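Subject: Structure handover

Hello,

Here is the structure I promised to pass on. Please open it next to this email and follow along.

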Amino acid sequence: MPKDAKMTVADLMSSPVVTASESDTIAEVGKRMMEVGVGSVVVVESGRVTGILTERDLVRFAAKGGEAATATVTQWMTEDPYTVSPDEDSVEAFKSLSQASYRHIPVVKDSELVGIVSMRDMMRIARIAPVDFHDVEIPEGLEGVHVAHTDLGDVRGSEGFYHYRQYSAVELAEKRTLEDVWFMMFEGHLPDHGERKAFEEEIRPLRVIPDEVKRHMASIATLGDRFVPLEALRAAYGLYASSQDFKPNLDTERAQLRSEALRTCAVFPILIMALYRLHNGDETVEPRDDLSHSSNYLYMLTGEVPSPEHARAMEQYLIATIDHGFNASTFTARVITSTGADLGSAVLGALGALSGPLHGGAPSRALDMLREIGSEENAEPWLRDAVEHGKRLMGFGHRVYKTDDPRSVLLRGVAERLEPGSPKVELAKYVEKKAVEILKELKPGRMLYPNVEFYSGVVMEMIGMPPELFTPTFGCSRVIGWTAHILEQASDNRLIRPAASYTGPEPPQDVPELD
């Protein structure tokens, strides 16, 4: 084809098209697709295209456990699908396919179905398309790109608001227990008194490290020249997941996957505290049946039952950090889940993402900054010098929030409640105020405010949490969010396989031979 010739959809489409009627059963259509070897059928009624049924719809149908002999096409098809004209430019049609995530598009002329075009057909044009065909705008870090639907929650950065399902996450932290929110993330609704009691009884016996894992814990805790609790947790949880024989999620019913998720969330605190104590040469502390998830976490650290105030502060922190949109670790867990991998692999991948300093946070470093500032008198000169020299203020700024981070506001209140009038809290509040003022002055338009890390370190230091356990503690709550997302992804799965925009030398080029 000449270089300047334009290829149309008619040049690429397949014809004739395999069709079905709305009253056909899933069994009939599935057999038809298999016999002809196509990935979709177009649904036609009275000569008009009314829907399309694809292999993805059949997978979704099978996952729901429907009866193929009685279920009809109209129940599972995509109604009024996007169509193209056979005369449309193929490059424009390709853009419609890729931008809208369509895999098949019926080709219609004068209301008559004349063919169908697929992404596989369209990929043929990449060989002849001009270089600028690939020059699509790609947001750095996928910022603002929507990659999935979720019922679990969202973050509204400009409003300073985030929620779990239909409830404000901050209000849940103020009014409910961790177990209540955990139940809601898995089951879709807040528990009543009976459901709360049943859930607590269900997770209580899961707080145990199997013997085949326990025998390796001391070795993990003392391995290498330095102890990094998050790395140790990753190793220990990997052993735990192997011991539980977690299966690929494609081969696992939801009830079994939920059981694996519950066991994972229940054992995380046990693993963290056992590794920490073993590293320090102490005996591990077994959890108590009469203590809540949050109380047990602090109890296993010291062997002493925490005060109600400290236990509640721990609980509110854990609730506030369960989930937060499609952050890096959550997205990692969903990508791995989409491959059909087992739940343990998805959680390990999320832990790996959490270990990165751009995601795992810096509550201990924010605390170090407060210690270095030392006093209110030193705050302004210290902060001004840091900003003017391009240093990062630890605990300030967030990828999504352009106003106060609601988690920071919540934890500031927790800190004030724990030690009213505390010099440490008053210094943190003063530094927060001055930092916001200086950032607005020296970095206008950046809208930098304290994030969750700023007061996290203050609160956790107040309740006796060692700095090296700050990030693992974050993982202890976030694992509830990870596993909720794993359950959701597995329930209506499609392999997450985005495209990349190639920017290298234009192919194909002749491969040079060596003399």
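Below are my notes, from the whole chain down to single residues.

**The chain as a whole**

Please keep in mind that this is a predicted model. The chain has 515 residues, and 48% of them count as buried. Its secondary structure comes to 21 helices and 9 strands. The C-alpha trace spans about 75 × 60 × 55 Å along its principal axes.

Residues 24 or more positions apart account for 70% of them.

**The four-stranded sheet**

An open sheet of 4 strands has the order β1-β2-β3-β4. Its pairing is mixed. Strands β1 (19–20) and β4 (78–79) stand at the edges. Each has a single partner strand, so one side of each is left without a neighbour in the sheet.

Now look at β2 and β3. Strand β2 covers residues 40–45 and strand β3 covers residues 48–54. They pair in the antiparallel sense, over 6 bridges. Glu45 stands opposite Arg48 in β3. Ser46 sits in the loop between β2 and β3. Its phi is near 55 degrees, a positive value in a residue other than glycine. Most residues other than glycine have a negative phi. Is Ser46 buried or exposed? Ser46 has a relative accessible area of 81%, so it counts as exposed.

Helix α1 (residues 26–36) lies across β1, β2 and β3. The helix runs at about 75 degrees to β3.

Thr50 has 6% relative accessibility, so it counts as buried. Which residues does Thr50 contact, leaving aside its neighbours within four places in sequence? They are Glu22, Val43, Val44, Glu45, Met77, Thr78, Glu79, Asp80 and Pro81.

**Two hairpins in a row**

Strand β7 (residues 153–156) is joined to β8 by 4 bridges, and the two run antiparallel. Arg156 has Phe161 in β8 as its bridge partner. The hairpin of β7 and β8 has 4 residues between the strands. In that hairpin, Gly160 takes a positive phi near 65 degrees.

Strands β8 and β9 also run antiparallel, joined by 2 bridges. Here His163 has Ser168 in β9 as its bridge partner. The hairpin of β8 and β9 has 2 residues between the strands. Arg165 lies in this loop, between β8 (161–164) and β9 (167–168). Arg165 is a residue other than glycine, and its phi is positive, near 50 degrees. Is Arg165 buried or exposed? Its relative accessibility is 16%, so Arg165 counts as buried.

**A buried leucine**

Leu354 lies in helix α15 (residues 343–354). Its relative accessibility is 0%, so Leu354 counts as buried. Residues up to four places away in sequence are not counted in what follows. Leu354 touches Leu230, Ser329, His359, Gly360, Thr471, Phe474, Gly475 and Trp482. Leu178 is 176 residues from Leu354 along the chain, and their C-alpha atoms are separated by 21 Å.

Most peptide bonds are trans. Pro16 is found in the segment before β1. Another cis peptide bond joins Pro507 and Pro508, with omega of about -10 degrees. Pro508 is found in the segment after α21.

Val511 is also in the segment after α21 (470–491). Val511 has 72% relative accessibility, so it counts as exposed. How far apart are the C-alpha atoms of Val511 and Thr25? They are separated by 52 Å, and the two residues are 486 residues apart along the chain.

Best wishes

Methods
Residues are numbered from 1 along each chain as its sequence is written. This is a predicted model: local features need pLDDT of at least 70, side-chain atom pairs count only at pLDDT 80 or more; totals for chains, interfaces and linings use all residues. Side-chain values use heavy atoms; hydrogens and water are left out. Two strands pair if DSSP finds at least two bridges between them. Contact means heavy atoms within 4.5 Å. Axes are lines fitted to C-alpha atoms, for helices over the stretch in contact, and angles run from 0 to 180 degrees between N-to-C directions. Buried means under 20% relative accessible area, exposed over 50%, partly exposed in between (1.4 Å probe, protein chains only).
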